[in-house]
Amino acid sequence: MAETGKEEVGGGNEVNDPPEWGEDATKGFKNGGKQMESPVKEKNLGLMKTFRASLKAVSPMTLKNKRSENTDSDQSQASNSPLRPQSSPSLSRGSPSQSSFQSPKAEKAPITRTMSDSAVGITGSLAKRGASFRQSLGLSTKKHKPLQPVTEAINSSEELRSDSVASINRVLELRDTYTLPEIPHLPLSVMEINKLIEKEVLEEAYLNLLSLRLELQQDRQSLKQEDCPIELVNKEKDLSLLYGTLRKKMSDIVRNSSDVNNSSALPSCNKELLVYVAHIILEEEKRQGEPGAMQGWREAWRDAVRDGVRDTLKKIPLNSREQNASWLAVHLGLLGKAVVENLERVKIELLSSYPADFKVFETYVSCHHEAVGEHLKSLLEKVTELKDYYALLDFIIHRYPGEKIMGSSSLQPELKEAQRVLSLDKNFLDQIKIKYCSRLQADMRASLDRIIELENEEMWKEKRKPNIDEGLYSSHIDMDISTNIKGHVQASGRIDVTLEQKVVRSCLEELKTFPKRFESVFVEWISPLSNSPLWTQYHISYINSFTALKEHMEGFKKSCPIPLELVQREIDGLTTKLSQSVMEHFKTDVTPFLRRQMTAKWFSVDEDFSQLISKTKILSEHTKYMSPKNKQAFVNEAHFFVVKEYVSQLMKNKYLCKNRKNETAATKIKNQWEEVKEIFQEMNSTSEWLHPVGDQLSEIIGCRKSDVKRHIETLVKNYPDIRKSHLSAVLYFRGITRGRERHIILQKLAEVKARIGNAGNKEHALFNEIQAADNTGCLPSTAFSCMSFIMPDG
């Protein structure tokens, strides 16, 4: 025996499954035992009555009375509430499952007969039709074994699709053919109307509200203008309260229909309720000029739509940052999915319930925009990390209007291109971008500080020799920084151009302070290693790295020229300081050896010069690993320094060559000069203009006194900045300290300088950097000695 099941649906409708057939199953037949006509043949009087008539509402008391009468009139079949699904004829109180099936033409006293095959067939047919009708009205029943002969299996999915189409067709028919029924002459009581509203019997409730409103208007007209009895005031309050209750109930119905999580599929009865909601709104809009009319029905409907969408979004799972590092990305994915599913549901299930002028789909789209915008604002308050700010921007600008959400093919063609973009306050989007850049700048600073820490941990503490990359000392600083910045810039460029420019500016702003921070930490750490080769190697590696970093940043010159220029100045300042440190380190090393040149010891011992050459060769080895852009200027400066300091020793009057020692000195100077020239040529110095000075001075020192004048003009042409004091110092070292010959040589210098004037190479200023001793003494034993003061030192 099959079990009998009950399930409450909607407002308490009860659906009973057919009990097992027994002897009472023969009831429902009359006229001498003839089988009653099939329900299919009676469809014009039963299932297929006009939908409005079949769903017209009556009060609960009327419903109860009519059911108790158990008449066979058409009114009894139409007595169910229009907002409650009408019970199937096969499952009503007159069906075989409870008593007997009452045909519209049947007598009240049924005749029974024994169970027959035809009865089994009819009962199986009735049961299947009743189940199908329950499905079409959104009612569910408990599962039970089918009470029918063995037949072919039914495809449930096709049946559901068919029921859905039928449901939509019924709703469309109701929507398109609906007309407001006649308003009752006498309204129900306030409590009865309120009860109808609570039970969602909207049509009957609204008709009685209209009747109450007309009654109130008539009462008001019958009174004198100054009269206003308390009964009338109370009736106005009651009417206002009832209208408020009706609007709230309608809003609840709309709100629930907007919430995708409210049910997986909108029941047929709810779709029909929406038809009544729409027509009540339209009717109220027509009656806006009448006394007592409530305003803002369409606005209240839209608010209910929006609130339902908000409810849907609030139910989307949202993990905390502690639960899931990708909490926001996951949530936004679910948010996009919910938006698509909700709008698909609107398109498939809700459009049929509303007249076209409601613009339902457009309203739902705009409400989704509004609700999503509010939802994103609440999410922004929880965001603190860069990746989450990025996820928000990407969702708003690209993903939301993209083909996965608003551009989904399932929403076309109803959703137009212009409706796809999320409408937000510009200030909100700018606010996210500002927070993004601020967070980026903070992360950038932390990243740069971490780069210094890594350099300390991996290189300085371990005292590792710098890496050699493509023949140059290098560190990973430039690549780490440029890769980091370019990654942020490229990511922001995928959002939009304005954000990209803001990101470039933010990165450059933070990078501007990095060279000084790096210099401070590096100098403090490197100081104890000043006598180690690592000292120079590290300096050169960072000169190379920061020079490369400057080149990497050149790509941002077009978008942010001023911030880039400020960064480049700071980088140039650091590389210049690092280069000067190496240069000063070299000068400090070689200066003691240079100062011991052109002395008495120098004639016999080469140790100091050998040390000078050795230190210079060490520097030469280091400069091989320096980037070409920095190396050339550095080598030229080192070359100039060695030449200047070497020549300067001739100007200090530290030694006077006597007894033909000038020839020995000239030879030694010439030989040493060759070594100096050779080493700087190996270093690829481009200061070739310095090479002749040593040879020319050695020739003046080694030649006879009478031949000195012949070398003056060449010397002045190559070095026009040479002065009388410089030449006097050279003559002193040569041994020409006084006399007519000295005066003639100095006079020759004055004549050559006057004649050549500006013809000499002014760019090659060597002697201007050299301070010479004063050798212009006045000698009374010579004819010209007392006149020497007349010649200027120039």
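In which helix does His375 lie? His375 lies in helix H12. The structure is a predicted model, in which local features need pLDDT of at least 70 and side-chain atom pairs count only at pLDDT 80 or more, while totals for chains, interfaces and linings use all residues. Residues are numbered from 1 along each chain as its sequence is written, and side-chain values use heavy atoms, with hydrogens and water left out.

**Overall composition**

- The protein has 27 helices and 4 strands; helices (H or I, at least four residues) and strands (E, at least two) are DSSP runs, numbered from the N terminus.
- Of the 794 residues in the protein, 46% are buried; buried means under 20% relative accessible area, exposed over 50%, and partly exposed in between, with a 1.4 Å probe and protein chains only.
- Among contacts (heavy atoms within 4.5 Å) with a separation of 6 or more, 78% join residues 24 or more positions apart.

- His375 is buried, with a relative accessible area of 14%.
- Leaving aside neighbours within four places in sequence, His375 is in contact with Leu313, His331 and Leu335.
- Phe641 is found in helix H22 and is buried, with a relative accessible area of 8%.
- Leaving aside neighbours within four places in sequence, Phe641 is in contact with Phe586, Lys587, Val590, Thr591 and Leu594.
- The C-alpha atoms of Phe641 and Glu769 are 9.9 Å apart in space, and these residues are 128 residues apart in sequence.

- Helix H13 (residues 386-399) has 14 residues, which should span 20 Å at 1.5 Å a residue; its end C-alpha atoms are 18 Å apart, which agrees. The expected span of a helix is 1.5 Å times one less than its number of residues.
- The buried residues of H13 are Leu386, Asp388, Tyr389, Tyr390, Ala391, Leu392, Leu393, Phe395 and Ile396.
- Helix H27 (residues 740-756) has 17 residues and reaches 24 Å from its first C-alpha to its last, close to the 24 Å expected at 1.5 Å a residue.
- In H27 the buried residues are Arg742, His743, Ile745, Leu746, Leu749, Val752 and Ile756, and they pack against helix H25 (709-718) and helix H26 (724-734).

**Packed helix pairs**

- Helix H17 (residues 514-526) and helix H18 (residues 533-553) pack at an angle of about 170°, with their axes 12 Å apart. Axes are lines fitted to C-alpha atoms, for helices over the stretch in contact, and angles run from 0 to 180 degrees between N-to-C directions.
- That angle makes H17 roughly antiparallel to H18, a term for angles over 145 degrees.
- Phe514, Phe518, Phe522, Trp525 and Ile526 in H17 meet Trp535, Tyr538, His539, Tyr542 and Phe546 in H18.
- The residues of the contact of H17 with H18 comprise 9 nonpolar, 1 polar and no charged. Ala, Val, Leu, Ile, Met, Phe, Trp, Tyr, Cys and Pro count as nonpolar, Asp, Glu, Lys and Arg as charged, and the others, Gly among them, as polar.
- The axes of helix H21 (residues 607-623) and helix H22 (residues 628-648) come within 11 Å and cross at roughly 170°, which makes H21 roughly antiparallel to H22.
- Phe609, Leu619 and Thr623 in H21 meet Lys631, Phe634, Val635, Ala638 and Tyr646 in H22; the residues of this contact divide into 6 nonpolar, 1 polar and 1 charged.

**Backbone features in loops**

- Most residues other than glycine have a negative phi, and most peptide bonds are trans.
- Glu200 has a positive phi, near 65°, and lies in the loop between helix H6 (190-198) and helix H7 (202-222). Glu200 is partly exposed, with a relative accessible area of 26%.
- Met598, although not a glycine, has a positive phi of about 60°. Met598 is found in the loop between helix H19 (561-595) and helix H20 (600-604) and counts as buried at 0% relative accessibility.
- The peptide bond from Gln412 to Pro413 is cis, with omega near 0°; Pro413 lies in the loop between H13 and H14.

How values were computed. Parallel < 35°, antiparallel > 145°, perpendicular 65-115°, else oblique.
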